[in-house]
Amino acid sequence: MKAYLSRPNTLKRFPGLLFIYEIFGMNEEMTRIADELAAEGYAVILPDLFSRGSWFSCVRKIMTDLKAGGGQGVQDLIEARNWLSQQPYVDSERIAVMGLCMGGGFALLLGRTGLFRVSAPFYGQTPAALDGICPVVASYGARDSWLLKDAERLKKELVTRGVPYDLKIYDDAGHSFMNRPANWFVKFAGNATKKAGYNPDAAADAKKRLITFLRTHL
């Protein structure tokens, strides 16, 4: 499986971060975000889950795995995490998982495995069960009516379970508020419904909260 790797150019050992892209796959925007996180002191791996076939077939299979909570997609992500943990520049005891949209759902799913110390979903679906979930830093947009209920349920579950968390819903943001160049879906949804699109203030604050949480819990 192909993957994009970004890390600080020093001889130190760094915490690892498994970054799971959104449904549109590997592109310059996803690698830009990976590079920004690496600049903050993390070894970031971005596995290309859609490298096993056509985009359409991979999306269908991956979304099935997400709904089922297992399958090839989940195993691919765990293998990527394990590969990262074995690299000499990575502190194998300090690995987090982060994802956008589809990736956010996987980030929460994997946060239950015991393999990660922090889960960082950005506007991701909340799994039906959250038993065993690690500390969570989550970011959603109030205008993202598709996933707002997931954010509310996630917060309720984390409070009930006593899990350390930082969850914020940004009033003026919608879906995909982290993405600078908008994909076709964001352009359509943003123009037609105002439910999606880049929000620089929300993106900057979410990144700041993410780094602060990682430095505290990772």
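## Sheet, helix packing and aromatic contacts

Strand β2 (residues 14-20) runs parallel to strand β3 (residues 43-47), and 3 bridges hold the pairing. Within this pairing, L17 is found opposite V44 in β3. The model is a predicted one.

**The sheet**

β2 and β3 belong to an open sheet of 7 strands, ordered β1-β3-β2-β4-β5-β6-β7 and mixed in its pairing. Its edges are formed by β1 (3-6) and β7 (165-170), each of which pairs on one side only. From one strand to the next, the twist averages 15°. Strands of a sheet pair through backbone hydrogen bonds, either parallel or antiparallel.

Helix α1 (residues 28-39) lies across β1, β2, β3 and β4 (90-100), and its direction is at about 30° to β1. Helix α7 (residues 200-217) also packs on the sheet, where it touches β4, β5 (118-122), β6 (136-141) and β7. The direction of α7 makes about 175° with that of β7.

**Strand β6**

β5 and β6 are paired in the parallel sense over 2 bridges, with S119 opposite V136 in β6. On to β7, the pairing of β6 is parallel and consists of 6 bridges; here S139 stands opposite K168 in β7. How many of the residues of β6 are buried? The count is 6 of the 6, so the strand is largely enclosed by the rest of the structure. In a regular strand the side chains alternate between the two faces of the sheet. In β6, both faces are covered: V136, A138 and Y140 are buried on one side, and V137, S139 and G141 are buried on the other.

**Helix-helix packing**

Helix α2 (residues 55-68) packs against helix α3 (residues 72-85) at an angle of about 85°, and their axes are 7 Å apart. α2 and α3 are therefore roughly perpendicular to each other. The contact brings K61, I62 and D65 in α2 to Q72, G73 and V74 in α3.

α3 also packs with helix α4 (residues 102-110), at an angle of about 70° and with the axes 11 Å apart. That angle makes α3 roughly perpendicular to α4. V74, L77 and I78 of α3 make this contact with F106, L109 and L110 of α4.

**Aromatic pairs and charges over rings**

The whole structure contains 4 aromatic pairs. A pair of aromatic rings is described by the distance of the centres and the angle of the planes. Two of the pairs are tabulated here.

| Ring pair | Centre distance | Plane angle | Class |
|---|---|---|---|
| F122 and Y123 | 6.4 Å | 80° | edge-to-face |
| Y170 and F177 | 5.5 Å | 65° | edge-to-face |

Both pairs count as edge-to-face because their planes are over 60 degrees apart. Ring pairs link F122, Y123, Y170 and F177 into a cluster. Y170 has 8% relative accessibility and counts as buried, and F177 is buried at 0%.

Two arginines lie over aromatic rings. The charged end of R7 sits over the ring of Y89, at 3.8 Å from its centre. R81 lies over the face of F116, with a distance of 5.9 Å from the ring centre.

Notes
Residues are numbered from 1 along each chain as its sequence is written. Side-chain values use heavy atoms; hydrogens and water are left out. Two strands pair if DSSP finds at least two bridges between them. Helices (H or I, at least four residues) and strands (E, at least two) are DSSP runs, numbered from the N terminus. Axes are lines fitted to C-alpha atoms, for helices over the stretch in contact, and angles run from 0 to 180 degrees between N-to-C directions. Contact means heavy atoms within 4.5 Å. Rings of Phe, Tyr and Trp (its six-membered ring) pair if their centres lie within 6.5 Å; planes under 30 degrees apart count as stacked, over 60 as edge-to-face and the rest as tilted. Buried means under 20% relative accessible area, exposed over 50%, partly exposed in between (1.4 Å probe, protein chains only). A charge sits over a ring if NZ of Lys or CZ of Arg is within 6 Å of the ring centre and within 35 degrees of the ring normal. Angles under 35 degrees count as roughly parallel, over 145 as roughly antiparallel, 65 to 115 as roughly perpendicular and the rest as oblique.
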